[in-house]
Amino acid sequence: MWVQVNGKEQVCPVPENKQLNSLGLRGAVPLCHHFLRALVRPGDRLVDATCGNGYDTLLLAELVGEGGHVWAFDVQETALAATRERLFQAGWSERATLLAAGHERLAELVPGPVRAVVFNLGFLPGSDQACRTATDTTLVALSQAAELLAPGGMVVIAVYTGHAGGDTEGAAVLEWAASQPAKQFNSWRHYQLNRSATAPFLVLVERAK
Ligand code: SAH
């Protein structure tokens, strides 16, 4: 590959397969991470309301840096153990507090204000599908999350409707987001047009500045 440098042609030093940037926006989770990378600053406080395999917690710990902090909830020990190990491998154990508690206790256990609260609903892939998020507790946690937000902060929710109960929970999340007062919050739904109707989608509620 040839490039122009100061009017002269020379071989481009960047390998051809590395020349294009890509956000890799396949599905709700990469889109969620894109918004978080744009929003979070070193030193922020963040919440992972459903740590699951720990991938979101790991990203949050990366983004807050040394001076920030992450509170991560899950009700399953396997999820907390996976998250603990991931943080340890990255050398970021100090950046996060793992809470063996339901996210409906958010207001009680997390000192606000926080820049973002992340939910990844449904069940942990490869584990007991009966242990999944539930409409009632999700709604309680979402209200507390919105209350806890710093101005400009956001609640991001990856919603899965393909399993039993998932469509009811998804509808409740949409209704909750849509009912937030427009003077104080901006509520969005994002879904991938060229995926099936049951593909995960992303709901984002931003607190106005
Ligand atoms: N559906 C996602 C993964 C979701 S993981 C995917 O396919 O990738 C959701 C996590 O939420 C699970 O680990 C589960 O244990 C946890 N969870 C269920 N109820 C919860 C609650 N009330 N508070 C916090 N975490 C909860």
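**Exercise 1.** In which handedness of crossing, left-handed or right-handed, does H5 pass H6? Determine also how the two helices are oriented and which residues meet.

*Solution.* The model is predicted.

Step 1. The axes of H5 and H6 come within 10 Å and cross at roughly 25 degrees.

Step 2. Angles under 35 degrees count as roughly parallel. H5 and H6 are therefore roughly parallel to each other.

Step 3. The crossing in which H5 passes H6 is right-handed.

Step 4. On the H5 side, the residues in contact are Thr135, Thr138, Leu139, Leu142, Ser143 and Ala146. They meet Thr168, Glu169, Ala172, Val173 and Trp176 of H6. Sorted by class, this contact has six nonpolar, four polar and one charged residues.

**Exercise 2.** Give the strand order of the open sheet of seven strands, and find which strands stand at its edges.

*Solution.*

Step 1. The order is S5-S4-S3-S6-S7-S9-S8, and the pairing is mixed.

Step 2. S5 (96-100) and S8 (185-190) each have a single partner strand, so one side of each is left without a neighbour in the sheet. These two are the edge strands.

Step 3. On average, neighbouring strands are turned by 15 degrees against each other, direction ignored.

**Exercise 3.** Describe the pairing of S3 with S6 and state what H5 and H6 touch on the sheet.

*Solution.*

Step 1. S3 (residues 45-48) pairs with S6 (residues 114-120) in the parallel sense, over three bridges. Leu46 has Ala116 in S6 as its bridge partner.

Step 2. H5 (residues 135-148) packs on the sheet and touches S6, S7, S8 and S9. Its direction makes about 150 degrees with that of S7.

Step 3. H6 (residues 166-178) also packs on the sheet, touching S7, S8 and S9. The direction of H6 makes about 25 degrees with that of S9.

Technical notes
Residues are numbered from 1 along each chain as its sequence is written. This is a predicted model: local features need pLDDT of at least 70, side-chain atom pairs count only at pLDDT 80 or more; totals for chains, interfaces and linings use all residues. Side-chain values use heavy atoms; hydrogens and water are left out. Two strands pair if DSSP finds at least two bridges between them. Helices (H or I, at least four residues) and strands (E, at least two) are DSSP runs, numbered from the N terminus. Axes are lines fitted to C-alpha atoms, for helices over the stretch in contact, and angles run from 0 to 180 degrees between N-to-C directions. Contact means heavy atoms within 4.5 Å. Angles under 35 degrees count as roughly parallel, over 145 as roughly antiparallel, 65 to 115 as roughly perpendicular and the rest as oblique. A crossing is left-handed if the near helix is turned anticlockwise from the far one by less than a right angle, and right-handed if clockwise. Ala, Val, Leu, Ile, Met, Phe, Trp, Tyr, Cys and Pro count as nonpolar, Asp, Glu, Lys and Arg as charged, and the others, Gly among them, as polar.
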